[in-house]
Amino acid sequence: MGNVIYLFYFCSTNIQKKLKKGTMKKIINVILGLCVLAMLFICYRSIADQQQFDADVKQHEADVKARLIEIRDAEEAYKAQMNEYCGNWDSLITFINEGSLPTIRKEGTLSDDQMENGLTEAKVAEILHRGNEAEIKENGLEGFVRDTTWVNLKDSLYGPDYDASQICYIPHSDDNGGEPKQFDLLAVWIKTKSDAIIAVMECSAEYSTYMVGESKQWKREVINRTETAESQGNFPGLKIGDASLSWNNNAGNWE
């Protein structure tokens, strides 16, 4: 480095001797201008790269959240029919592809007086199902309709082109090549503080599984986020539900 500086000094000294002072000043100004432009470009690239990285991080998080919401929809539909959550991906995927959802065609609205007299939606459905005209008239349910039909679950929740086989995989987990990683899925029964036994579920992905990219920034982002979450006693990533006494009705930890 010292030799380079000496060489530059030697050359510039000789140039100064050969050139007029005005010419030398112009050359130096041009060089300084080029240096300023180079520094401005470096600063611009640094800011632009950081903005792009921040946008990529947000996109990765948004994609994982969207997938977790899809999983929650499937799990809650499963629970409504099976009275428990599903802890196996193959079973849940089969349920999505082959299952059905009930839909109710509802005509007629209960009045305040009818509800005060003990009529509920469940009782209305029972009375209409029996088809006793006298009973229907007695309860003022003429013109009421409560018909249940079943529709394809996948079409109803996700659309006919949805690929249910991908629901278990964490978006962006294979961005650096290799096999995609699966969400951690847990479905258990727990005893509450009031001794009630309830079914709960939890599905999660740690930062390290989806904060994936080619630059070293991703590793730093994972380390910083993980350390912050663990220091606060939080899960180091995104998840829905909570398979513990802190069960949260399947809410996402970002909600």
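Trainee: What is the strand order of the open sheet, and how are its strands paired?

Mentor: The order is β3-β4-β5, and the pairing is antiparallel. Strands are DSSP runs of E with at least two residues, and helices are runs of H or I with at least four, numbered from the N terminus. This is a predicted model: local features need pLDDT of at least 70, side-chain atom pairs count only at pLDDT 80 or more, and totals for chains, interfaces and linings use all residues. Residues are numbered from 1 along each chain as its sequence is written, and side-chain values use heavy atoms, leaving out hydrogens and water.

Trainee: What makes β3 and β5 edge strands?

Mentor: β3 (184–191) and β5 (237–241) each pair on one side only.

Trainee: How do you know that β4 and β5 pair?

Mentor: Two strands pair if DSSP finds at least two bridges between them. β4 (residues 197–206) and β5 share 5 bridges, so they pair, in the antiparallel sense. Glu202 stands opposite Gly241 in β5.

Trainee: Why is the pair of Tyr78 and Phe95 called edge-to-face?

Mentor: Rings of Phe, Tyr and Trp (its six-membered ring) pair if their centres lie within 6.5 Å; planes under 30 degrees apart count as stacked, over 60 as edge-to-face and the rest as tilted. Tyr78 and Phe95 have 5.1 Å centre to centre and 80 degrees between the planes. So the pair is edge-to-face. Tyr78 lies in helix α2 (residues 21–82) and Phe95 in helix α3 (residues 89–98), 17 residues apart.

Trainee: Why is the pair of Tyr207 and Tyr210 called tilted?

Mentor: The centres are 6.3 Å apart, with 55 degrees between the planes. That angle is neither stacked nor edge-to-face, so the pair is tilted. Both residues lie in helix α8 (residues 207–210).

Trainee: Why does Tyr207 count as buried?

Mentor: Buried means under 20% relative accessible area, exposed over 50%, partly exposed in between (1.4 Å probe, protein chains only). Tyr207 has 11% relative accessibility, so Tyr207 counts as buried. Tyr210, at 0%, counts as buried too.

Trainee: How do you know that the buried residues of α5 lie on the same side?

Mentor: Those of α5 (residues 121–130) are Val124, Ile127 and Leu128. They cover an arc of only 95 degrees around the axis, which puts them on the same side. The arc is that of the directions from the helix axis to the C-beta atoms. The face turned away carries exposed His129 and Arg130.

Trainee: What makes Lys79 a charge over the ring of Tyr85?

Mentor: The rule wants NZ of Lys or CZ of Arg within 6 Å of the ring centre and within 35 degrees of the ring normal. Lys79 lies over the face of Tyr85, at 5.8 Å from the ring centre.
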